[in-house]
Amino acid sequence: MGDEQGGYQIDLGNLTAFDHQFASVPDNREDLLKECISHGTKLIQAVADALFNLPSTEDASGPVVSLPPPSTKFPREKPLPKPKPLTNWAEFAIKKGIQNRKKDKRVYDKQTDSWKRRYGYDRVNDDNDLPIIEAKMTDEPGVDPFAKRRSEKKQRVEKQEKNRLHNLKAAAKVGTLPSHVQLAATALPITGTQAAPRKVSKDELQNVAGMAATSTASGGKFDKKLAGEKPPKHDKKYRKFLPVVEGSGMGSLEKQQSDKILNKLMAKNSHEIFNVGKAVDMYNAKSDKKRRNQQQGKTSSTLSKLKVKKSPYKNKSTKKSSSRGKSK
């Protein structure tokens, strides 16, 4: 299990220590807590002493120690995975002695004089890149070689899909289906669990179909509907936004919205934001200013009453007489 130092069993690979000679458990909960803390402190100190006894190397951050391999075996959380059944091709390869060899991802293409991918887009020897196909002696007259190649490729894909489903059925019988396949099929239990398979309800199927229909960029608006397909349900509320261009009454709506948010913030954090002393000082200052303005208005009115008013009409006769005397 591990090295024994000071009566403790230490496993430096897992940085753990065990004490099998624990005394009798006290009845009181407080005493039990103190006893556990003291024993834990001793075990941690024993692990630290064992670490410092190991050979170390100096590094920029400090001494570095390489831990020995762990000696304690902990139990697994999940059961051991079952061996997967061999596929038809794997059984055939074992019988014939065929060994899988790793192929290069890129292959030299003689037609284009360049390196291309072996599989996928822009691959080597792609049928779409062949402008001319040489005729063979075994070819039937009147048959389109391009259409024939497309049909053969389609048949190969269907055969591969059929073999894949056959292998999945064989794995399901043994209970070694891949986890992503088990999660996709909700009626199948996860490997290692004892949950019984359940049937998918109608509502769940409708929800999955609705999510798949609305997963496009347009939200399924321009997708083709199946015969008898109902529009997807929208249980949640729709979000409402104010228009970009303000029209009649839009400015007031935006103001109301901002006032509502500010009132909520003020109501939640009123004890932090609202300063009562400052508010009282501001109110007193405003009332004093108003009182002074009123007093100044009264004094100005009394002074204007005491002033002598000038006649609005000017003495034009004197001006005329003076002008006549000058002309003479």
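The largest nonpolar core of this protein has eight residues, namely Tyr8, Ile10, Leu12, Ala17, Leu43, Ala46, Val47 and Ala50. Two elements give two or more residues to this core: strand 2 (8-11) and helix 1 (29-53). Helix 1 supplies the largest share, four residues. The structure is a predicted model, and the points below group its computed features by topic.

**Overall composition**

- The protein has nine helices and seven strands.
- Of its 328 residues, 9% count as buried.
- The protein exposes about 30600 Å², and carbon and sulfur atoms supply 57% of that area.
- Among contacts between residues at least 6 apart in sequence, 32% join residues at least 24 apart.

**Around the nonpolar core**

- Ala46, one of the core residues, is in contact with Tyr8 and Ile10 when its neighbours within four places in sequence are left aside.
- Gln45 lies in helix 1.
- Gln45 has a relative accessible area of 46% and is therefore partly exposed, since that class lies between the limits of 20% and 50%.
- Gln45 and Ala17 are 28 residues apart along the chain, and their C-alpha atoms are separated by 9.8 Å.

**Aromatic pairs**

- The count of aromatic pairs comes to two.
- One of them is formed by Trp89 and Phe92, with 5.8 Å centre to centre and 35° between the planes, and this pair is tilted.
- Trp89 and Phe92 are three residues apart in helix 2 (residues 88-96), so about one helical turn separates them.
- Phe92 counts as partly exposed because its relative accessibility is 39%.
- The rings of Tyr108 and Trp115 have their centres 5.5 Å apart; their planes stand at 65°, over the 60 degrees required, so this pair is edge-to-face.
- Tyr108 has a relative accessible area of 37% and is therefore partly exposed.
- Trp115, by contrast, is exposed, because its relative accessible area is 57% and the cut-off for that class is over 50%.

**Helix 3 and its ends**

- Helix 3 covers residues 145-174, which is 30 residues.
- The N-terminal end of helix 3 is capped by Asp144, a side-chain oxygen of which lies 3.3 Å from the backbone nitrogen of Phe146.
- Just after helix 3, Gly175 takes a positive phi of about 90°.

- Asp109 is placed in strand 6 (residues 106-109).
- Asp109 counts as buried because its relative accessibility is 4%, and the class requires a value under 20%.
- The side chains of Asp109 and Thr112 are joined by a polar contact of 3.1 Å.
- With residues up to four places away in sequence not counted, Asp109 touches Ser114, Lys116, Val124 and Asn125.

Technical notes:
Residues are numbered from 1 along each chain as its sequence is written. This is a predicted model: local features need pLDDT of at least 70, side-chain atom pairs count only at pLDDT 80 or more; totals for chains, interfaces and linings use all residues. Side-chain values use heavy atoms; hydrogens and water are left out. Rings of Phe, Tyr and Trp (its six-membered ring) pair if their centres lie within 6.5 Å; planes under 30 degrees apart count as stacked, over 60 as edge-to-face and the rest as tilted. Buried means under 20% relative accessible area, exposed over 50%, partly exposed in between (1.4 Å probe, protein chains only). The expected span of a helix is 1.5 Å times one less than its number of residues. A polar contact is a pair of N or O atoms within 3.5 Å; within protein, one must be able to donate a hydrogen and the other to accept it, and residues adjacent in sequence count only if both atoms are side-chain atoms. Contact means heavy atoms within 4.5 Å. Accessible areas come from the Shrake-Rupley method with a 1.4 Å probe; for residues, only the protein chains shown count as cover. A nonpolar core is a set of buried Ala, Val, Leu, Ile, Met, Phe, Trp, Tyr and Cys residues joined through side-chain atoms within 4.5 Å.
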